[in-house]
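Reader: I would like a close look at one loop in this model, and then at whatever surrounds it. Please take it step by step.

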Amino acid sequence: MKSRNEAAAAAPDRPARPPLVRELLLVTGLFLVYKVGRQLAADHTGEAFRNAHHVWDLERWAHLPGEGAVQSLLLHGDTLVHVANTYYATVHFPATAGLLVWLYLRRPAHYVWTRRALAAVTAAALVLHLTFPLAPPRMLTATGLVDTARLYGPSVYGPPKTDHLSNQFAAMPSLHFGWALMVAVALIVATRSRWRWLWLLHPLFTLLVIVGTANHYWLDAMAATALLGLVLAAIPLPHRTPAATAPTPRRPVPAEEHVLVGAAR
């Protein structure tokens with residue numbers, strides 16, 4: 001009969017799942033703090049437009065591809081631009097929430113790691129939103145871009161002066177892209193399928209959507225990538241639980257060996 005210690009050693013060392021109520025309160029609290037923090041920077045209109053001109057000029061100086069090239073592809077047909085607007089409006093939060101729910105149920109250690117990374121990158125982004133308000137390219141006449149959501153729908157934003165639910169001058173960094181990239185990274189790290197690298201299509205498509213709909217500049221996505229890289233470098237990866245192995249069956253001892261052992265006593 002195995003002792004209790006032996007049984008515990010044989011059982012896989014699975015991380016404990018955090019209490020559900022505590023996690024719901026924590027995630028909700030972080031979201032509310034983020035929403036309130038965004039509102040603090042919502043009135044810096046003049047500064048936001050000055051920064052937008054600086055960002056636009058910097059991209060041209062760096063010879064980055066024009067955002068208009070992506071938008072022109074979307075504007076080839078109403079269906080394509082409508083799909084892009086819908087993706088921008090509906091995928092951002094549900095994809096991130098779905099990831100957290102799945103990790104909480106199936107990969108508790110990776111859930112804690114992912115939640116910490118998302119909280120850290122969101123907090124860092126909030127600091128930038130407060131210190132560097134930035135009008136999106138759809139508001140800047142110099143870009144020659146159009147507000148695809150307003151023209152083709154659906155749109156998640158109202159007129160900036162009357163929109164009290166969101167801060168439209170928080171373009172840099174793009175949390176749409178930062179969260180999408182974290183979703184892909186978390187799924188790649190937490191799974192072992194050879195197809196898991198296809199999750200990178202989510203941030204890639206998100207990048208084309210946020211640029212093509214004129215909600216973000218290329219530099220917004222680059223800033224989000226840099227922030228996420230720093231966060232992931234600071235937060236250690238969760239340890240993978242080794243697969244439980246079946247105990248090695250004992251070799252039956254022949255009767256002759258029992259006799260010899262007894263004789264040697």
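Author: Alanine 214 sits in the loop between helix H10 (201-212) and helix H11 (218-234). The model is a predicted one, and in it the phi of alanine 214 is near 65°, a positive value in a residue other than glycine. That deserves a remark because most residues other than glycine have a negative phi. Is alanine 214 buried or exposed? Its relative accessible area is 0%, and buried means under 20%, so alanine 214 counts as buried.

Histidine 63 is not a glycine either, and its phi is positive, at about 60°. The loop that holds histidine 63 runs between helix H3 (45-61) and helix H4 (67-74). Here the relative accessible area is 71%, and exposed means over 50%, so histidine 63 is exposed.

Thr213 and Asn215 are among the residues that line the second largest cavity. The volume of this cavity is about 40 Å³. Other residues of its lining include Asn85, Tyr88, Ala149 and a run made up of Pro154, Ser155, Val156 and Tyr157. By class, the lining has five nonpolar and four polar residues, and no charged ones.

One of these lining residues, Pro154, has a feature of its own. The peptide bond that joins glycine 153 and proline 154 is cis, with an omega of about -10°. Most peptide bonds are trans. Proline 154 belongs to the loop between helix H8 (148-152) and helix H9 (175-190). Proline 173 lies in the loop between H8 and H9 as well, and a cis peptide bond joins methionine 172 to proline 173, with omega at about -5°.

How many cavities of 30 Å³ or more does the structure hold? There are two.

Two packed helices are described by the angle between their axes and the distance between the axes. For H6 and H9 the angle is about 25° and the axes are 10 Å apart. Angles under 35 degrees count as roughly parallel, so H6 and H9 are roughly parallel to each other. Their crossing is left-handed.

Helix H6 (92-106) supplies at least two residues of the lining of the largest pocket, as do helix H2 (20-40) and helix H7 (108-131). The volume of the largest pocket is about 650 Å³. Its lining numbers 24 residues, with Val27, Thr28, Phe31, Leu100 and Arg115 closest to the centre. H2 gives the most to this lining, nine residues. In the lining of the largest pocket, 19 residues are nonpolar, three are polar and two are charged.

Terms used:
Residues are numbered from 1 along each chain as its sequence is written. This is a predicted model: local features need pLDDT of at least 70, side-chain atom pairs count only at pLDDT 80 or more; totals for chains, interfaces and linings use all residues. Side-chain values use heavy atoms; hydrogens and water are left out. On a 1 Å grid over the protein atoms alone, a cavity is a set of points where a 1.4 Å probe fits but cannot get out, and a pocket is an open set with protein on both sides within 12 Å along at least five of seven lines; lining residues have an atom within 4 Å of a point. Grid points are joined across faces, edges and corners, and a volume is the space filled by probe spheres set on the points. Helices (H or I, at least four residues) and strands (E, at least two) are DSSP runs, numbered from the N terminus. Ala, Val, Leu, Ile, Met, Phe, Trp, Tyr, Cys and Pro count as nonpolar, Asp, Glu, Lys and Arg as charged, and the others, Gly among them, as polar. Buried means under 20% relative accessible area, exposed over 50%, partly exposed in between (1.4 Å probe, protein chains only). Axes are lines fitted to C-alpha atoms, for helices over the stretch in contact, and angles run from 0 to 180 degrees between N-to-C directions. Angles under 35 degrees count as roughly parallel, over 145 as roughly antiparallel, 65 to 115 as roughly perpendicular and the rest as oblique. A crossing is left-handed if the near helix is turned anticlockwise from the far one by less than a right angle, and right-handed if clockwise.
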